[in-house]
Amino acid sequence: MNMELDIDNPFIQALAVSTAMALFMISVALGIMYMASSGSTPVPMAVILLIFAIVFIAGSVFFESRGADYLGSMAGGAIASFIATFSATAFLTGMVHAWNGGIQALWWEQILSALAVCMVASMFIIRLLQHKLQSSY
């Protein structure tokens with residue numbers, strides 16, 4: 001019996017991407033809950049600043065290459081950097097919190113329900129982005 005994984009199968013692709021996005025969403029939610037309850041994050045400030053700087057530079061260059069003026073590219077880079085930095089910090093905080101036993105406070109039904117809801121939400125997001133990207137070209 002050959003148990004090869006067919007990567008070109010659109011069902012497997014959609015399931016894999018939506019599951020990965022759902023796990024990211026759950027980790028971000030756990031991170032936000034931990035940061036709200038403790039008021040801090042286990043991610044060092046140097047790492048947070050490095051993430052912000054890298055995304056700020058990449059975002060500014062991206063928006064400038066898309067035709068934005070100097071101020072617009074800086075504002076776009078700052079907004080993208082803030083969102084990416086917050087998401088990355090919440091994700092990393094959620095991973096550390098889950099790894100240190102924070103996920104044990106939840107019931108397995110809650111975890112599976114959150115995974116299912118996030119998988120459906122991520123599928124909507126994927127399809128919406130695909131539709132928007134296809135209609136823009």
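Modeller: A patch here is built from residues with over 30% relative accessible area and no salt bridge, and nonpolar side chains are joined into one when they lie within 5 Å. The model is a predicted one. By that rule, Ile 32, Phe 52, Ile 79, Phe 82, Ile 83 and Phe 86 make a nonpolar surface patch of about 580 Å². Helix H3 gives the most to this patch, with 4 residues. One patch member, Ile 83, has its place in H3.

H3 is therefore the element to follow from here, as its end C-alpha atoms are 43 Å apart, in agreement with the 44 Å that its 30 residues should span at 1.5 Å a residue. Its buried residues are Ser 73, Gly 76, Gly 77, Ser 81, Thr 85, Thr 89, Ala 90, Thr 93 and Gly 94. An α-helix has 3.6 residues a turn, so residues three or four places apart point the same way. The buried residues of H3 pack against both H1 and H2. Just after H3, Gly 101 takes a positive phi of about 100°.

On the H1 side, the helix covers residues 10-38, which is 29 residues. From first C-alpha to last, H1 reaches 42 Å, close to the expected 42 Å. Buried in H1 are Ala 14, Ser 18, Ala 22, Ile 26, Ser 27, Val 28, Leu 30, Gly 31 and Met 35. Neighbours within four places in sequence aside, Ser 27 is in contact with Ala 90, Phe 91, Gly 94 and Met 95.

The end of H1 comes next. Gly 39 follows H1 and has a positive phi, near 80°. Ser 40 lies in the loop between H1 and H2. Ser 40 counts as partly exposed because its relative accessibility is 40%. Residues up to four places away not counted, Ser 40 touches Tyr 34 and Met 35, the latter being one of the buried residues of H1. Further back along the chain, the C-alpha atom of Ala 29, 11 residues from Ser 40, is separated from that of Ser 40 by 15 Å.

The other connection is the loop between H2 (45-65) and H3 (70-99), where Ala 68 is found. Ala 68 is partly exposed because its relative accessibility of 29% falls between the 20% and 50% cut-offs. Beyond four places in sequence, the contacts of Ala 68 are Phe 63 and Ser 73.

The structure holds 3 aromatic pairs. In one of them, the rings of Phe 62 and Phe 63 have centres 5.3 Å apart and planes at 70°, so the pair is edge-to-face. Phe 62 also counts as partly exposed, at 40% relative accessibility.

To return to the part you asked about, the nonpolar patch of about 580 Å² draws most on H3, a helix whose buried residues pack against H1 and H2.

Key. Residues are numbered from 1 along each chain as its sequence is written. Side-chain values use heavy atoms; hydrogens and water are left out. Helices (H or I, at least four residues) and strands (E, at least two) are DSSP runs, numbered from the N terminus. Buried means under 20% relative accessible area, exposed over 50%, partly exposed in between (1.4 Å probe, protein chains only). Contact means heavy atoms within 4.5 Å. Patches are made of residues with over 30% relative accessible area and no salt bridge: like charges are joined within 9 Å, nonpolar side chains (Val, Leu, Ile, Met, Phe, Trp, Tyr) within 5 Å. Accessible areas come from the Shrake-Rupley method with a 1.4 Å probe; for residues, only the protein chains shown count as cover. A salt bridge is a side-chain nitrogen of Lys or Arg within 4 Å of a carboxyl oxygen of Asp or Glu. Rings of Phe, Tyr and Trp (its six-membered ring) pair if their centres lie within 6.5 Å; planes under 30 degrees apart count as stacked, over 60 as edge-to-face and the rest as tilted. The expected span of a helix is 1.5 Å times one less than its number of residues.
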